[in-house]
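Welcome! Here is a short briefing to read alongside the sequence and the 3D view. Take your time and find each part as you go.

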Amino acid sequence: MAVCIAVIAKENYPLYIRSVPTQNELKFHYTVHTSLDVVEEKISAVGKSLGDQRELYLGLLYPTEDYKVYGYVTNSKVKFVIVVDSSNTSLRDNEIRSMFRKLHNSFTDVMCNPFHNPGDTIQSKAFDGIVSGMMVQTG
Amino acid sequence: MECQEEKPIIYTMENKPIVTCAGDQGLFTSLYTSLAQQLPREPMEWRRTYGRAPKMIHLEANFVQFKEELLPKEGNKALLTFPFLHIYWTDCCDTEAYKSTVKEDMMRWQNSLRTHGSADWVIIVVETNDTKKKNKTNILPRSSIVDKIRSDFCNKQNDRCVVLSDPLKDSSRSQESWNSLLLKLRTLLLMSFTKNLGRFEDDMRTLREKRTQPGWSFCEYFMVQEELAFVFEMLQQFEDALVQYDELDALFTQYVLNFGAGDTANWLGSFCAPVRSWSGLLLRRPIDMEKRDGIQRGEASLLDLRSYLFSRQCTLLIFLQRPWEVTQRALELLHNCVQELRLLEVSVLEGALDCWVFLSCLEVLHRIEGCCDQAQLAANCSHTVGLWAYATDKLKSLGELCGLVSEKGPTSEDLNRTVDLLAGLGDERPETVNSLQSPYKKLKEALSSVEAFERHYLELSHAAMEMYRAIGRLRSARLVGKSLAEFYMRKGDRERAETFLQEALKSYVSEGWSLPVTHTRKQIAECQKLLGRTEDYLQTSALLAGDVNLTTEERKHFCQEILTFAGKSGDHSNKVTLSMGVFAQLTRLQFHPATASVHSGAILQVELTLRCLMPVSVHIQQVAASIHFDVDHGGTHGRSKGAQRQTNPGTVEFIQGNSSAGPPSSSAAGPSLELDEIQDRSPSDNSLNSTGVVCKNTHLIMRRHDSNSPPDTPNCVSPPTVAMKEGAQMLKVQDVKLEPGNNSIIFTAPSGQPGTYTLRQLCATVGQVQFVLPHIYPSVQYEVYSQEPQLTVEPLSEPLLAGLPQMVKFTLLTGHYAVKKGDALQLSNTDTMPILPSTSCTARTSNPAAELVGESVLSIQSSDKVTSISLPPTPPYHTLEFQLEVLCIIPSGSDRPANERLTNGEVRHRPRSYSHPDTPMTAIDQRMSIDCPWSIYSTLLALTFYIPFKTKHSLLSAGNRKYIQVCVQNVSDVNFTLAEVKLTEKQHASLELQSLNTKEQQLLCSKHSVFCLWEVRWKDDLPSCLQCVFSANFSPLNQDVSAFKPFHYQFQLERVTTLYSVRAEILPPAGEQHCRSGFLCGLEVCITRLTEPAEGEMAEESKTDTDGLKTTKLMYEVADSSSNWAVCGKSSGMVSMPMTANATHKVQIEVMPLFAGHLPFPKIKVLKYLPHTAAVAIQPDPDSCVENDSLSLLDKTLDDQGDTASIRSRGSVHSVGSGDQQQKGVAMPRLEPFSPGQVFNHSHARQVLVLPATDDHIMEVNAT
């Protein structure tokens, strides 16, 4: 499934970023960071059109030879980024959407924790569990 | 959409639907031009099968001469060459001719059509007037030929025969006939399309459904569906054409995916063949027939198929004016192809795909550039930039593969590889041979030499970067920049590399991406090391040594780099100064003592907590903190400032920004406000002018937040130049070992001169390296003060009560003075406040921290004038405390001692009593004068005592008998016992004061009063003036007899003797027994003189009448304040009284009661009347009078304050002041009241019964 999952704060610093351990973590950091360009572009485009503001899923941000990067932005401008291996063709748009929804729900739970300080990096076992579930290799 | 200049002509579909023409060719040729022109002029609605939306379509046709060969054979699926309509032209109007030739010809034509199953035909009969005229004789009845043809051929299909009238004439009839013909042709064409395409599609679908059967071939099917696409393209239905290709694309993709899932199709084998050619996309031809043929033969490779498919899609998309979709699809295609080759495990020469992708990217970009102008391109960078970046990426990896990036240049192995790669490109396509910038030439050139590669690579990189910048994708631009930096690093151009790296680093730092920060920083460190930029390198190394993202080994390495440099021996001018923040963080600073305020010379320690970020322990030669010194102008009160410190004065916590790579969340919030209270006091009297709150760190809070560098990243991008200022004073500690983590360093702060010391900078020296913290913030300061000795005396308990022994506390702050043995305080004794000797008086000494350090017994020696207290030796800045018992003697009334000088020459101040606003008690300020050993001046101190009692006296009379009443009111909060109440008269021994008080001891509770009464008895004569002393003993309740203290109250009574008695009688009207309201009664006032005149009285008041009889004038006045009586007639009058005893005067006055009931008598006042002559005679010299008056005025005010006995003038209505003052006034006759006791009113408080005027009053009584 996903090879890297990241949560990025409104101010664009990473709140959470995890990738499959077998691959170069650094590369994913660069990829996710660069994807913020497209996220910002898409957010501002949405802002202009004012059309479907409820749509949080940003779709495919950009494909690379090896990966597909998908984006999602919450109403509070927290961004979720999921990187999927390009060779994994079984994943459809709907599955990506549901992954984001799951991630968002779990993130909301983290935020509801009264001991969590908003803006701090996420250190939650439950959240970790959800992310691990999405990164389990299926193929 | 047409291509420009020298670029090869892009294919526009030349094909048109074929329409065959049979019959009279000459006739057709004459009409061809108009027909070809007019056919597409009007659009037709094309209704589609399968629920597809109807379309408006402009129909064109390619008219060809009918031949049998044109008719498709059975099974031929070619659609492009399919004749959609067959027309037979004739202008025959001669029946004979028709019968002989035309009919036969038509029959043949029909037969051949029928054999090929074609039912799309039409016969056009052209009618001209010329032909009609020419063959006038043979003309049959109207439209006979047409009817004949219809009956012969158009069996129930009358619409298959159309008449065109006068086609070459410009008449309305001709036009009408043209229109109907064209409409017919269009309709028939569309019908044919619908029918034939529908059949074709059905066949195609059937073929597709067979795809699971073993013999099925994708390539075959491809050709079929493409035929359909061609027809749609021919009909200019590009959208539909594109759909065909997209379907083919999807179908193929699905097969590849299925292959990946293990479902192999046989036909896919040809696509799995090793890739031999990677010449890239070719988008300049409308149809790449080479590749198409390859596909048709089933020999195409995957890349060939994909390339061909994409080139067709590209063509159609450009027809549809959607060039940006081309770029997007291109990128997807390239990624997809790479993936598919991987999935199919097709063997590819290393680098071949890179070549293919590179060429394809450039080809697509060229194609797009070919059909858009510059402005459009610039506006749509976001669509093309992906391709640019991809091409750059691929070129880079090719360069690396072929050894074009290394410093040394390619090896022979690299060259072999290059040759292999170039071989796979094949020859350049003819279309681009003449183009100088073709992708083919670019790639070939780039791979040919290191220089050319560099040029091309830089060009591409910069183009990609520029575009990313232009569309605001700065992060992407920086990533390209970083990749460029890596290239430069390989090439050995470190300087350029660093520029790009720094830029990228800045963005990672500002957004808090720690891993990229660490990685980039490591690269920068490498650059800096190679560039020999020692200082920068060390700074970066320090950052890396403290970076938790690195392994301990790496951190140790960087730490060692610093230590190695530091260990190098070198001249001292070569010291390197680094920012301390990366090396260690100052987390806490503590003062001992915590007040951070010491007296000069005392020991003050400063404890720093440094969190060392290094992975190993570091030996520091010296830690120094520079100090800024401000001379304290605040004077001796050094402590006052210290009190303003915040909650925990001794400890300052330094809030750290996260380590440089952490999330900048805390910094985003900004520093917290630091607020201080300010008070502006007037310099002269220390009164408060204004007060407010100031923010101390506005310079941090009020700055722009959009600036790029967050506040806590000073160290990362370019280390700021930190300079250690050489302060005059430093806190220093030598040889400290800093362990990783928190370290505590203790300094001993200098405290020589009084003033404020501010810690400014911190500097740790390790050999050649100095780590400097340029500003310690929030600012930390401590104070050193010098203090003059200070002596204060304060009550042990408030309030101090006069008349009782009270404890007072002496506090001596020694300040800078050391109390030596033998030093003593000299208290000047005063009579009013003696110091009571006590047996044991201990002095407590405490140090500045308020800890008790010693106790000693004081020796107190009292002499006549001075009490000397010898102090125990006390070190400076200590506090000495002891208590003494003093007694303030209550001043007894009007007693007024003369001013006298004290032993030391000070004027003795009479303790003045005054009333204090906060308490009902009268206060006395008692001054003390103390000579201290440290000063030549005496210290003056004041204590305030309060008199617990208020005393009042009054004279009461009963006829001639006199009583004195003294009222003692306890105004304090203490309960007292009063004993031995006494009243004595000082001057007249014969006078006897008989006490009417019974009890020996009396309780006098707080806020209560005790009244005492004495009767005055005398033998011969009552003196007119009595000097009385009231005395009593008092003590707080429940204390033994010895605690009783005396209380005296002196007062003077004047004019005690009763001179006149007044008697009043109310007489009812004549004949009545009682008074009645509303009726006049008589009031008889009888004034009797009781005594002989005394000496003083004679001189003062009497007036010798003409007859020699001494009389005095009295004024009487009847006044009824309560409105019970109406005085009728004269209410006042003058009476001349003879100055002999028992002289009586009677006055009759008429009064009228206004109410019924027991009414009190109206008040009768008797006043002295002083004629003006007496005053004039007495008036003295004006000058001296003024002087006297002013003196007496002064005295008076004093008396008014001090004496309670100034009740002389009370009760007088007329008097405006005392006699003295009246004398001074205008010489007018005046009235003067008698002193209380001089006139006795017998009828005082008497009542008389007054009846109602009539008895018939009705009283209403309501009982509820």
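In this predicted model, S507(B) is part of helix 18 of chain B, which covers residues 494-511. Is S507(B) buried or exposed? S507(B) counts as buried because its relative accessibility is 5%, and the cut-off for buried is under 20%.

**Around S507(B)**

- Setting aside neighbours within four places in sequence, S507(B) is in contact with H33(A) and R478(B).
- H33(A) turns up again in the interface: together with Y30(A) and E65(A), H33(A) supplies 31% of the area that chain A buries against chain B.

**How chain A meets chain B**

- How many residues of each chain are in contact? On chain A there are 26, and they touch 27 residues of chain B.
- The size of an interface is often given as the accessible area that is lost when the parts come together.
- Between chain A and chain B, about 2400 Å² is buried, and carbon and sulfur atoms give 59% of that area.

**Polar and charged links across the interface**

- The rule finds 16 residue pairs in polar contact across the interface of chain A and chain B, with both residues at pLDDT 80 or more.
- Salt bridges are found here too: there are 6 across this interface.
- One of them joins the side chains of E41(A) and R473(B), with 2.7 Å from N to O.

**Which parts of chain A take part**

- Strand 2 (14-19) and helix 1 (25-49) of chain A each supply at least two residues of the side that touches chain B.
- Which element gives the largest share of that side? Helix 1 of chain A does, with 12 residues.
- Sorted by type, the residues on this side of chain A are 10 nonpolar, 10 polar and 6 charged.

Now let us move to another part of chain B.

- Strand 40 of chain B spans residues 1025-1036 and is mostly covered, with 11 of its 12 residues buried.
- Strand 36 (residues 976-985) of chain B runs antiparallel to strand 40 of chain B, and 8 bridges join the two. To see this pairing, look for A979(B), whose bridge partner in strand 40 is N1033(B).
- Strand 41 (residues 1045-1054) of chain B is also antiparallel to strand 40 of chain B, and 10 bridges join this pair. Here you can look for A1032(B), whose bridge partner in strand 41 is F1047(B).

Notes: Residues numbered from 1 in each chain as written. Chains lettered and ligands numbered in written order. Predicted model: local features only at pLDDT ≥ 70, side-chain atom pairs only at ≥ 80, totals over all residues. Heavy atoms only, no water. Contact = heavy atoms within 4.5 Å. Buried area = accessible area lost by both parts, 1.4 Å probe. Salt bridge = Lys/Arg side-chain N within 4 Å of Asp/Glu carboxyl O. Polar contact = N/O pair within 3.5 Å; in protein donor to acceptor, adjacent residues only side chain to side chain. Helix = DSSP H or I, 4+ residues; strand = E, 2+ residues; numbered from the N terminus. Nonpolar A, V, L, I, M, F, W, Y, C, P; charged D, E, K, R; others polar. Buried < 20%, exposed > 50% of the residue type's maximum accessible area, 1.4 Å probe, protein only. Pairing = 2+ DSSP bridges.
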